[in-house]
Amino acid sequence: QVQLEESGGGLVQAGGSLRLSCAASGRTFSSYAMGWFRQAPGKERKIVARISSSGGSTYYDYSVKGRFTISRDNAKNTLYLQMNSLKPEDTAVYYCAAQPPYVSSWNYWGQGTQVTVSS
């Protein structure tokens, strides 16, 4: 079991940067793959980035590749998403999620943090 809490969202102008954090409770954080998802109004939730349990492997959706960086600090039980060169289309609620070992589903979710990019 793991509990997740996002922070760091807010309002930023296009071209600006934000860093999201996701604090995890429990002693199993380092064994979970972690991901960032986002959901814009009227759209489905979709994955933005994923990082392996060790941090050695990452995946990015094409829409954010080269602008966003996912990272984790297993000693601090924290996941990060550095977002640079933000665009209005990045506006969404951002969620962090945890994927247990040997499981394909995302079993644990945070409550989400709003990111709004103004043009």
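This is a predicted model: local features need pLDDT of at least 70, side-chain atom pairs count only at pLDDT 80 or more; totals for chains, interfaces and linings use all residues.

Residues are numbered from 1 along each chain as its sequence is written, and side-chain values use heavy atoms, with hydrogens and water left out.

Q: What makes up the secondary structure of the chain?
A: The chain has 0 helices and 11 strands. Helices (H or I, at least four residues) and strands (E, at least two) are DSSP runs, numbered from the N terminus.

Q: How do you know whether the radius of gyration of the chain agrees or disagrees with that of a compact globule?
A: The radius is taken over C-alpha atoms, and the globule rule is 2.2 Å times the number of residues to the power 0.38. For 119 residues a compact globule would have a radius near 14 Å; the chain has 13 Å, and therefore the value agrees.

Q: What share of the residues in the chain is buried?
A: Buried residues make up 45% of the 119 residues. The term buried means under 20% relative accessible area, exposed means over 50%, and partly exposed lies in between (1.4 Å probe, protein chains only).

Q: Which residues are in contact with Thr 113, leaving aside its neighbours within four places in sequence?
A: Contact means heavy atoms within 4.5 Å. Among the partners of Thr 113 are Glu 6, Leu 20 and Tyr 94.

Q: What is the relative accessible area of Thr 91, and what is the residue therefore called?
A: The value is 21%, so Thr 91 is partly exposed. Thr 91 is placed in the loop between β8 (78-83) and β9 (92-99).

Q: What does the side chain of Thr 91 reach at 2.9 Å?
A: The side chain reaches the backbone oxygen of Pro 88 at 2.9 Å and the backbone nitrogen of Val 117 at 2.9 Å. A polar contact is a pair of N or O atoms within 3.5 Å; within protein, one must be able to donate a hydrogen and the other to accept it, and residues adjacent in sequence count only if both atoms are side-chain atoms.
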